[in-house]
Amino acid sequence: MTRPLDIVFIGLSLSSSWGNGHATTFRALIRGLNEMGHRVLFLERDVPWYASQRDLLEPDFCHLQYYSSVDELTGSFADAIRAADAVIIGSYVPEGVAVIDAVAALSPKRLCFYDIDTPVTLAKLDRGDEEYLGLRQIPVFDAYFSFSGGEVLTRLEHDYHARRAIDLYCSVDAERYGNTGEASRWDLGYLGTYSVDRQPTLERLLIEPAWALPHLRFVVAGPQYPDTFDWPENVERIEHLPPQDHPSFYSRQRFTLNVTRADMIAAGWSPSVRLFEAAACGTPIISDDWRGLDELLPDGEAISIARSTDDVITVLTGMDEPHRMAISKAAHARVMQSHTGVARARHLALALDRLAARQSARADRLD
């Protein structure tokens with residue numbers, strides 16, 4: 001890095017983690033950027049469902065501002081957008097298509113997209129759904145940062161005409177996620193907002209084991225589950241768990257479950273932030289299977305991949321304590337080395353520096 005960067009993020013939410021995984025992803029990344037000396041302005045649409053559930057009111061690692069409309073965004077923050085070394089617009093931003101057009105019209109030095117939902121985005125675009133990103137807009141960005149890596153990056157460049165697709169996985173804040181030393185309360189837990197496409201896997205890998213193992217204790221944390229759902233008596237429910245309570249939640253589980261959305265499974269190479277959080281807390285992970293997972297956390301060494309109810313039951317009842325601890329230590333070491341907020345911030349800053357260098361070289365050739 002040659003100098004500190006001024007970066008403007010326009011994202012779904014930084015202030016509220018309620019019902020979304022974007023807030024914790026942005027927090028870890030931007031804390032990392034702040035630790036490296038970069039300056040960040042985060043612009044968030046002021047919407048009632050997040051305003052009533054804010055768990056980060058005044059971040060000490062960036063400047064957080066709200067806007068109520070696209071016109072206010074480009075009117076009140078035009079100078080900051082033009083002056084920034086990079087403007088990064090996130091996925092699922094309200095009125096995202098209009099936001100991208102309006103910000104692009106201000107001609108920022110570097111305009112980038114950070115897709116924290118890449119497989120979902122591409123599936124939506126393939127069926128003509130342009131909720132927050134238009135197909136025509138992808139080539140506008142100087143870089144398309146993607147939650148998913150692997151072959152997804154090739155697809156973005158070849159099929160969707162991204163100028164440059166760069167992986168930018170989610171990450172964990174190593175300073176805030178670690179084992180709390182609390183006594184075990186649950187044998188298996190899961191943290192995630194209700195999702196129709198995840199629910200069959202949750203039922204197969206947690207609910208069915210709970211029915212089969214009534215002497216063990218389970219927990220599901222997250223909002224929006226149907227009131228009519230029939231939970232086993234040994235499954236505890238937590239409606240909402242703010243990020244500051246995640247380390248305690250993970251630390252009190254013998255194992256934690258990771259469940260991946262269908263579009264993410266289809267794409268592969270799309271690790272959830274929950275994987276990194278759990279590993280940072282030293283909690284052994286049981287996960288559904290997808291391409292790229294075994295490269296990130298090798299099965300049997302740093303994670304237990306489950307494809308059936310019986311697989312989960314075998315892990316819960318058959319894995320001895322030395323093996324359980326060895327898996328947790330291996331996952332912790334891998335995540336602390338490569339998947340912290342600082343590591344991800346370093347990757348982003350380097351990519352932005354390279355973009356700037358390419359633009360400068362291109363300008364020199366034109367002169």
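**Terms and values**

Q: Where does Arg-31 lie?
A: Arg-31 lies in helix H1, residues 22-35. Helices (H or I, at least four residues) and strands (E, at least two) are DSSP runs, numbered from the N terminus. The model is predicted, so local features need pLDDT of at least 70 and side-chain atom pairs count only at pLDDT 80 or more, while totals for chains, interfaces and linings use all residues. Residues are numbered from 1 along each chain as its sequence is written, and side-chain values use heavy atoms, with hydrogens and water left out.

Q: Why is Arg-31 called buried?
A: Buried means under 20% relative accessible area, exposed over 50%, and partly exposed in between (1.4 Å probe, protein chains only). Arg-31 has a relative accessible area of 17%, and therefore counts as buried.

Q: Which residues does Arg-31 touch, not counting residues up to four places away in sequence?
A: They are Phe-61, Asp-173 and Arg-176. Contact means heavy atoms within 4.5 Å.

Q: What is the phi of Tyr-92?
A: Tyr-92 has a positive phi of about 60°, although it is not a glycine. Most residues other than glycine have a negative phi.

Q: Why does Ser-107 count as exposed?
A: The relative accessibility of Ser-107 is 56%, and the cut-off for exposed is over 50%, so the word applies. Ser-107 sits in the loop between H5 and strand S5 (111-115). Ser-107 is not a glycine, yet has a positive phi of about 55°.

Q: What do S8, helix H8 and S9 make?
A: S8, helix H8 (residues 199-212) and S9 make a right-handed β-α-β unit. A crossover is right-handed if, with the strands pointing away from the viewer, the path from the first strand over the helix to the second runs clockwise.

Q: Which way do the residues of strand S9 point?
A: In strand S9 (residues 218-221), Phe-218 and Val-220 point one way and Val-219 and Ala-221 the other way, and all are buried. In a regular strand the side chains alternate between the two faces of the sheet.

Q: In what order do the strands form the open sheet?
A: The 6 strands come in the order S10-S9-S8-S11-S12-S13, with parallel pairing. S10 and strand S13 (304-305) stand at the edges, each with a single partner strand, so one side of each is left without a neighbour in the sheet.

Q: How many bridges join S11 to strand S12?
A: There are 3 bridges joining S11 to strand S12 (residues 285-287), and the two run parallel. Thr-256 stands opposite Ile-285 in S12.

Q: What makes a space a cavity, and what makes one a pocket?
A: On a 1 Å grid over the protein atoms alone, a cavity is a set of points where a 1.4 Å probe fits but cannot get out, and a pocket is an open set with protein on both sides within 12 Å along at least five of seven lines; lining residues have an atom within 4 Å of a point. A search of the whole structure finds 1 cavity of 30 Å³ or more. The largest cavity has a volume of about 50 Å³, and its lining includes Leu-191, Tyr-250 and Arg-274.

Q: How much space lies in the largest pocket?
A: About 990 Å³ lies in the largest pocket. Of the 47 residues that line the largest pocket, the closest to its centre are Gly-19, Asn-20, Gly-21, Arg-198 and Arg-261. A volume is the space filled by probe spheres set on the grid points, which are joined across faces, edges and corners.

Note on methods:
Pairing = 2+ DSSP bridges.
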